[in-house]
Amino acid sequence: MFKKIAIMISLILVLMGCTKEAITSKDEVNIDQEWIDNTKQLLKLSYNSKGTFGDFANNIRGIPNIFETFYLLQIKKNTNSLNDSFHSNNLNYLQNYNFLESKPKELVVLFEAMKTVNVSSEELEKKIEMNISELINNIGEYRNLTDEDIEKLYLLSESRYLLTEDQLEQIGVELHKIESKIKEGDDEKLLRVLYPIYKIDNETSEIDEKVVSRISKRVNSLIKKEYVDFWEVYQLLYLVKGKVTSEESLKEAIKLKLDSISTDEISNMQMLYILEITDLLNFKMSDETYDLLDIRISNSQILTGGFRERTNEINPLEFSFFSLYIYKAIAQVPPDYDKIMNAIYEGIQKEGNINWRHIYSYLQFTDNHSELKEAIININVNQKHLKALAIDQKYYFFKTMQFLNIEINEDDLRSFQDELITLLEDSPLDEHYTYHLYYSDLVKNKLIQSDEQLNKKIIEEIKNAESVNGYYMKSNLENLLSTFFVYSIDDNLNLGMINNTEEAIKKWLAQLEKYKNIYGGYSLIENEESDLYSTTIGLMLKDKLSGKQVPILF
């Protein structure tokens, strides 16, 4: 039955039109513009190409990866979007990179990344030169072309800028012996070794027609596979550019392959070589693909410099709701409203059983409610199903009914009231803030009756709660979360425990400024780094102190 409810509501959500006004209303805010800009930038970084949001804490506290940094810097360069301001975000990371224990491959990638942003390091070059010397001294051993041998040839080719004339002469003879072996053999996979040889030998090696034909066949074979290694395709195409009579047909085959795959699922390394291929064959992908690339780059960026590895984690819908709340609270416009709302719908649809918290949260960001209201009215949500719901789901069920002005069964409501009050009678306030908030909100909105005994208990607990400058503490730390809960519960129940005079409110708001982070957003505890949840709580507290209606989204 509940799955049927979920399906019916999901179908309605598909048909529902959503309007931007509820999200982008320009509410007056008393927040400095620099902080707004920084917070907006954090939201941009956490937004991904699927139309969902992650936690921007990952962009603040994430661990950069030198390989991903190189790939994304090169992608920026290839799309002509590499600029001085973008350089400055990464210079510090690259210049302070600890490469003392790095392996040769890592050294070369660091070297290439630094070249991309126009910086250099004598120490790094010396370290690479030492590795090159080792590679050159052993080059006679590479004729077996094991995976390790091949990697060493690539390292030599990537370091070719640092090779001296004497070194080039020293390795030239051996390279031509390896080249001859590849040309005489029939292992198509070893064709890719021609690329580093070609680059090391200053691109003077001649590739005969027989090898060109073998390379063409290899490329055709590669692009017909379900998974295409664009790294290998690019290197083979580079070798035969201008030499293949069927270049146009190859180009069309590659374009068809790119149209048939989701670039969102492709790694940054593979994406880089797709761009190299399009540049080599002189064609462009769709404008949408380049827009998605910009989002990909932002989503991977670490504010202190460098880029983190991409993840395929599925972000909770709460992250989208929190992000939309922040956009509204700072009077800013989300990047792509329709795509975000569609992603939320898809997330709700995949949940199977209906999640009333998500339905209620969804309703806060659209003003077109009539179709959804009609769907819920036509569903017989009986007492048996309500009884099976967890406390939070029951709360959001009744909140949804009230929000849509749908008649509520009084017996169901009284049953929930008894269940909630019984639970709270023996539950300490600071251990069950959320349930106390549900109770206070339901009382304020006249869904349930206020319980005098429970209120007395809450008053005593607020009296005994530790506070500094009006802000409440937990585990000996003054924090926004405890403060938001205590203030909201007191205000909802009209207990009068909190000083909410105009002068007191000014002090509360002034104290809130201390929780702002230099990168944007709020932290729950002063001087800590911000994250999505903490920023949502900080803005909810600010809105609550300012007398605004604050929906409960958690």
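Which residues do ring pairs link into a cluster? Select Phe 322, Tyr 433, Phe 484, Phe 485, Tyr 533 and Phe 554, and you have the cluster that ring pairs link together. Rings of Phe, Tyr and Trp (its six-membered ring) pair if their centres lie within 6.5 Å, and planes under 30 degrees apart count as stacked, over 60 as edge-to-face and the rest as tilted.

Before moving on, note that this is a predicted model, in which local features need pLDDT of at least 70 and side-chain atom pairs count only at pLDDT 80 or more, while totals for chains, interfaces and linings use all residues. Residues are numbered from 1 along each chain as its sequence is written, and side-chain values use heavy atoms, with hydrogens and water left out.

By the pairing rule, the count comes to 30 aromatic pairs. Select next Tyr 395 and Tyr 438, whose ring centres are 4.1 Å apart with planes at 15°, so this pair is stacked. Tyr 395 belongs to helix H22 (residues 391-403) and Tyr 438 to helix H24 (residues 433-444), so that the pair links distant parts of the chain, 43 residues apart; helices here are DSSP runs (H or I, at least four residues), numbered from the N terminus. Tyr 395, at 0% relative accessibility, counts as buried, and Tyr 438 counts as buried at 2%, where buried means under 20% relative accessible area (1.4 Å probe, protein chains only).

Then select Phe 397 and Phe 398, an edge-to-face aromatic pair with 5.2 Å from centre to centre and 70° between the planes. Phe 397 is buried at 6% relative accessible area, and Phe 398 is buried at 1%.

Methods: Helix = DSSP H or I, 4+ residues; strand = E, 2+ residues; numbered from the N terminus. Buried < 20%, exposed > 50% of the residue type's maximum accessible area, 1.4 Å probe, protein only.
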